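Please have a look at the sequence and the model before reading on.

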Amino acid sequence: ADVPELRVGWTIPAEESKYLMMKRPELFPDLGKKYTIKWTQFQGTSPMVQAMRADVLDCATMAPMSMAQGYIESGLKPYIVAQHAAEEPGSFSVYWAVKEDSPIKSAQDLKGKVIGTNAYGSGVYYHMLLWLKENGLDPEKDVKIVETGFPPSADAIRSGRVDAGPMVPPFTVLNEEKGGLRPLFKLLDVQNPNVQIFEGCSQAYTDANPEVVKAYVKDLQNAMAKLKENPALAAEVTSEITRAPAAVFSKYLLTPKDFHREPNMKPNIDAIQETFDLYHEAGFLKESLDIKEFVRDDIIAPVK
Amino acid sequence: MKQAAGRSLRWYEHPAVGIVLAILFLGVLWSAASRFLGFTSFPGPIAAVKELRFLITDPAALWAILQSVGRMFAGYVWALLVAIPLGLAMGRSRIIYQIFYPLVSLAYPMPKAALMPILMLWFGLGSFSKIFVIAMGVSLPVLYHSYQGACRVERKLVWVAQAMGMGPVARLFKVILPAALPEIMIGCRVGVVMALIVMVSSEMIARQEGVGNLLFTSMDMAQYATVYAAILVLAILGFVLDALFERVRRYLTRWADSNEGGA
Amino acid sequence: MLVVWEVVCRAGLIEPQLLPAPSDIVVRLLEQAASAEFWGNFGITLYRLAIGLSLAVVLGVVLGLAAQLSRFSAALLDALVRLLAPIPKIALYPALILIFGFENASKVALIVADALFPVLMATWSAARAVDRKLIWSARAAGTSNLACLWKVTLPSIVPTVLAGVRVAGVIACVVVFLAEMIASTDGLGHMLTVAARAYRTLDMFVPLVWICIVGLALNWLIGTLQRVVDRSG
Amino acid sequence: MISIEHLNKTFKTARGKAHPALVDIDLQIPAGQFVSILGPSGCGKSTLLYIVGGFEQPTEGAVKVDGKRIVQPGPDRGPVFQEYALFPWKTVLGNVAYGLREQGVPKAQAQARALSWLEKVNLDKYAGFYPRELSGGMRQRAAIARTLAYEPAILLMDEPFGALDAHTRLVLQAELLSLWEQLRNTVLFVTHAVDEAVYLSDRVVVLTGSPGSVREVIDIDLPRPRVRAELLLNRDYQNYIVHLENLLTEKEQV
Amino acid sequence: MISIEHLNKTFKTARGKAHPALVDIDLQIPAGQFVSILGPSGCGKSTLLYIVGGFEQPTEGAVKVDGKRIVQPGPDRGPVFQEYALFPWKTVLGNVAYGLREQGVPKAQAQARALSWLEKVNLDKYAGFYPRELSGGMRQRAAIARTLAYEPAILLMDEPFGALDAHTRLVLQAELLSLWEQLRNTVLFVTHAVDEAVYLSDRVVVLTGSPGSVREVIDIDLPRPRVRAELLLNRDYQNYIVHLENLLTEKEQV
Ligand SMILES: Nc1ncnc2c1ncn2[C@@H]1O[C@H](COP(=O)(O)OP(=O)(O)OP(=O)(O)O)[C@@H](O)[C@H]1O
Ligand SMILES: Nc1ncnc2c1ncn2[C@@H]1O[C@H](COP(=O)(O)OP(=O)(O)OP(=O)(O)O)[C@@H](O)[C@H]1O
Ligand SMILES: O=[N+]([O-])[O-]
Ligand SMILES: [Mg+2]
Ligand SMILES: [Mg+2]
């Protein structure tokens with residue numbers, strides 16, 4: 001009863017180490033002994049950031065943008081403790097696709113066209129804006145951006161509802177099988193490398209319960225190590241979480257067709273700082289942020 | 001259709017026949033649409049039904065469905081307990097009407113599911129906020145129809161009860177309630193629909209374990225057959241609830257003249 | 001109520017991040033009301049709502065009445081309604097988007113799909129409960145079975161149908177907002193999504209208040225109609 | 001000529017039991033006759049009228065008008081219901097003009113004729129009232145006017161004077177009689193007043209208690225045109241009344 | 001003792017006009033009297049009853065029972081409405097037992113008493129029927145039984161025998177009279193049958209045509225207990241009837 005409880009938020013996809021902890025708690029000796037976890041699922045990182053701010057979550061998945069906004073708009077103070085997924089050379093990078101036979105070959109060809117995006121205000125969205133700007137397009141005037149989300153993106157491109165749309169796994173894999181689309185640009189063209197999602201824990205909680213958070217981060221690391229060793233296990237637990245067949249995941253999970261996973265989950269602090277700076281320069285963030293404020297050296301992966 | 005006194009059912013008026021016909025009709029329509037559109041994300045009925053077989057034999061999926069149903073049931077019952085008496089009272093008393101009407105009519109068009117992310121923060125991450133939004137959604141049609149029904153009660157029925165010395169609260173339950181019952185039942189039936197809408201949209205906006213979550217997660221994972229199997233589960237759920245409800249309604253309003261067949 | 005809310009917020013019992021004070025919401029509301037962008041969002045939501053609801057009402061009443069004509073159509077429609085009404089159409093929204101596009105058509109289609117059934121069901125059950133001696137009187141005066149639908153059944157069911165329209169109106173408000181939240185580039189629902197992603201709680205409440213006002217206005221409109229009908233009924 | 005042949009009507013009650021209302025009714029009503037139906041409350045008088053009107057279907061047997069089997073209502077048979085059944089969303093004038101408009105009479109003319117009918121039933125001052133603003137008797141008069149206005153060949157009247165005060169009743173009886181003596185349409189008239197039946201009819205049909213069957217058919221051989229004041233002194237008239245009252249009273253004992 | 005003082009009732013019609021229904025009614029009704037109200041259709045008889053019942057409020061003036069002003073209905077005044085107003089969701093037995101249950105009579109006893117009332121109105125075979133399955137006359141009998149069953153001190157009856165056949169009517173009149181002679185409760189009885197009014201009442205109030213005001217109050221000085229067969233031969237009885245019929249007939253001319 002006096003085992004401390006950690007309240008953790010999670011989402012789908014790309015948090016395999018959390019899925020493993022949820023589905024195979026017996027692999028983690030500390031879990032349940034040193035601390036317990038109350039898992040709550042969320043849709044996207046924004047509501048999780050909000051929930052942490054409201055003090056109903058202690059740790060949550062975050063993206064550079066949602067954390068920065070949370071800090072600026074509502075005074076959220078988290079530590080970055082581990083990294084879930086990033087884009088690095090050789091790994092998968094979110095890309096915008098057009099029809100194979102589309103006349104669109106470059107950014108300029110997008111003038112006057114309709115571009116799909118996942119969610120307004122997401123990192124993927126802002127990186128796309130950066131790409132448009134870099135290529136001399138005004139996102140407000142030169143193109144029409146509609147929010148499609150990832151799932152219908154491919155069908156939307158094929159049916160002509162949008163001229164270009166964003167692609168992520170598992171849709172990319174499905175699509176390679178079906179054919180008919182080709183990539184136009186990818187996020188790595190904008191920032192290389194860049195961090196997609198990481199784990200953040202409330203500073204107040206962490207400072208009050210350093211041992212609990214440390215144990216949690218250590219378990220995350222262990223989970224990632226086990227998964228790297230055994231990608232089939234990753235497919236298995238992800239399948240259990242999402243109810244999609246494991247075969248779907250074994251096609252890409254933890255392969256070069258997937259986002260980059262740091263084996264020890266060490267956050268790429270510099271890449272995150274770069275994202276903050278890019279966003280600030282472009283005016284997406286009101287303030288410039290210093291990543292140091294969000295790092296506590298003794299509680300960041302890899303911990304021993 | 002209810003059977004007219006002294007009139008026999010035709011073959012197609014047997015409920016099962018109508019349903020089968022309607023299912024066939026919809027199935028063909030769906031299949032044609034899916035074929036015509038050719039979207040990966042819009043599979044035909046056969047794929048969905050195949051997947052449905054897996055879905056309903058999987059304990060984890062069943063558990064998710066059960067959780068949804070449980071929350072829906074709790075929300076529905078709460079809504080009935082609050083909305084029917086309040087609606088009837090609003091229909092009979094000017095004062096109660098004036099106190100509650102502005103509040104109720106302002107709050108009702110609000111998309112409760114949109115509040116989910118905030119409600120979760122107010123009420124915590126437990127079941128309460130989910131049950132609460134469902135109750136809010138259901139109470140709307142129930143309240144309106146109860147109010148409507150109470151307004152329209154033949155005044156001489158009320159007079160008779162008054163003359164027997166029945167007080168206002170007793171009248172509400174013993175006269176207004178039964179007299180307004182056919183109308184209330186319409187509200188309850190729409191309430192079933194509302195409960196499902198709110199349940200699905202709230203599980204979509206705040207991913208809480210349940211059949212709505214199953215649906216949208218499958219969509220995120222490109223499991224389109226599962227998506228439509230989940231929609232089928234919702235449809236079956238809705239149909240069963242509606243049918244159960246229709247039974248209750250018939251029993252409770254068996255005294256009412258249904259004048260079937262209309263013109 | 002409002003006063004309690006205001007006091008609670010002012011006293012700092014609740015963080016503005018969770019529940020902003022009503023006065024702050026009103027101030028923000030007025031601020032936004034000065035911007036053309038807001039009226040664009042407001043207008044497009046209203047437009048979708050008006051088209052969707054009108055279609056739903058016309059379709060609902062026509063189908064509900066037409067089904068009374070023959071026992072076969074009545075049986076078939078009854079079955080269709082029982083199958084389709086309880087499906088939460090919002091789950092089909094992704095498919096609707098692909099069929100009707102990201103613009104107005106898909107949202108209107110969703111509104112119609114969800115708002116149709118309360119009207120249809122009200123029409124349906126009211127039409128069956130019409131005092132049969134009224135219909136007999138008209139039939140005996142030479143009114144055909146078909147003409148009875150709009151000469152007798154329609155006027156007798158107007159009160160109940162209006163009650164159904166009220167519910168449909170509210171459902172329409174909810175659904176258009178949700179659809180705009182899910183996928184849209186404009187509208188009140190979209191405003192909320194944008195505000196939520198940027199953690200501007202105050203800005204989240206503004207579109208909610210507006211959709212409530214729209215619902216209230218709609219409700220008032222139908223209520224007025226109901227009173228007019230009552231007076232002459 | 002209405003011929004009612006071997007008519008049976010059985011209702012199914014809410015508890016699913018069969019409840020016979022009419023058993024083996026056989027009646028021939030020549031065109032232009034005024035026929036009254038008498039019988040104890042609940043014996044099926046209204047039901048019989050509904051079947052002749054084509055509103056309800058018999059369980060067995062048939063009703064034929066001029067040899068044609070009746071399956072649905074038509075403007076040749078005008079009903080006046082015990083419950084009035086006025087259209088609540090129309091004014092009194094609108095109700096009375098309705099049948100005329102349905103027969104294709106132009107609006108202005110229909111309203112004028114409706115108004116003249118309202119005068120006859122003494123409701124002209126209430127032309128603009130809605131039914132719910134009328135007293136029971138006034139509603140009944142409006143319902144009578146609505147049906148008489150379009151002059152159906154067969155009138156089916158279900159206790160049309162039941163809710164009227166004695167005076168209005170006498171006036172309307174006389175009015176109906178003089179109208180009928182001009183038009184000579186067929187009238188099926190349900191009543192529970194014996195004197196009314198004898199005063200108005202060529203023939204009185206007495207039904208037995210529930211389930212109703214024909215107990216006796218009595219031809220009323222009184223000269224026409226009939227004047228009530230004169231009839232009261234008529235021996236035959238008195239005899240008819242005594243006979244019918246005896247019939248109705250004794251049968252309850254049986 | 002009911003005292004009706006300077007009573008006025010004006011309705012507002014759907015077109016917003018004022019429509020006077022009752023003008024300056026003053027009446028004293030001693031406890032235990034049987035008073036009938038006669039008047040042409042639409043003169044305000046029902047409205048007067050509704051005001052005494054406390055269902056409608058007068059525009060001016062007041063009704064007092066034993067000196068207390070009436071503002072709302074109460075179990076001391078039992079109404080029988082012209083439209084029956086049976087609870088459609090209750091069976092006939094349920095309807096009749098209802099008032100008793102409300103007065104706190106235990107269920108079994110209430111049902112037994114209700115059933116004995118149903119026997120009196122000859123409806124015992126229909127105890128399990130729902131109102132919509134009854135004929136007009138049967139509904140009326142059920143409504144009468146419902147109110148009589150709980151024995152209110154004042155009975156307000158609005159044409160209670162209007163829809164009954166002659167025989168049932170006679171039986172119920174006699175039944176009501178013998179009951180009243182035992183209980184001696186106050187009865188306000190609206191009717192349009194002059195003979196019924198004279199047969200039953202201590203006093204007959206005749207109203208003028210719309211708007212209603214008191215035209216004449218006639219005390220009926222006939223010995224009680226009254227037997228109808230005997231009365232028919234009674235000179236005074238005949239005179240009352242002739243006088244009242246003249247009153248009602250001539251007034252329309254005025
Ligand atoms: N709700 C109302 N609005 C307007 N006028 C009304 C309303 N109710 C009754 N009246 C009018 O009041 C008058 C008296 O009506 P009431 O029902 O008391 O008559 P009554 O004497 O009982 O007639 P009857 O013998 O036909 O039943 C009528 O002229 C009627 O039109
Ligand atoms: N819908 C129904 N369901 C069951 N029984 C019915 C129905 N309608 C009528 N009955 C029964 O049929 C019988 C005849 O009813 P009907 O209304 O024809 O009588 P009536 O002779 O007109 O009586 P009244 O003079 O009282 O109006 C009654 O016993 C009644 O209970
Ligand atoms: O009220 N709803 O959000 O469905
Ligand atoms: Mg009848
Ligand atoms: Mg009256």
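What follows covers a ligand site and some annotated spans.

**The site of ligand 2**

Please keep in mind that this is a predicted model. Where does ligand 2 lie? You will find ligand 2 between chains D and E. Around ligand 2 there are 20 residues, and those that come nearest are D:Ser46, D:Thr47, E:Glu133, E:Ser135 and E:Gly137. By class, this shell is made up of eleven polar, six nonpolar and three charged residues.

| Residue | Protein atom | Distance to an oxygen atom of ligand 2 |
|---|---|---|
| D:Ser41 | polar side-chain atom | 3.0 Å |
| D:Gly42 | backbone N or O atom | 2.8 Å |
| D:Gln82 | side-chain N or O atom | 2.9 Å |

Ligand 2 taken alone would expose 640 Å², and the protein buries 95% of that.

**The annotated spans of chain C**

Now let us turn to chain C. An unreviewed UniProt entry places the feature "transmembrane region" at residues 46–67, 79–102, 108–127, 161–184 and 204–222 of this chain. One of these, residues 204–222 of chain C, is 100% helix and 0% strand, with its end C-alpha atoms 28 Å apart. For residues 79–102 of chain C, the model gives 58% helix and 0% strand, and the end C-alpha atoms lie 32 Å apart.

Conventions
Residues numbered from 1 in each chain as written. Chains lettered and ligands numbered in written order. Predicted model: local features only at pLDDT ≥ 70, side-chain atom pairs only at ≥ 80, totals over all residues. Heavy atoms only, no water. Near = heavy atom within 4 Å. Polar contact = N/O pair within 3.5 Å; in protein donor to acceptor, adjacent residues only side chain to side chain. Areas by Shrake-Rupley, 256 points an atom, 1.4 Å probe, with all protein chains shown as cover. Nonpolar A, V, L, I, M, F, W, Y, C, P; charged D, E, K, R; others polar. UniProt positions renumbered as here; feature names shortened; annotations may be inferred. Helix = DSSP H or I, 4+ residues; strand = E, 2+ residues; numbered from the N terminus.
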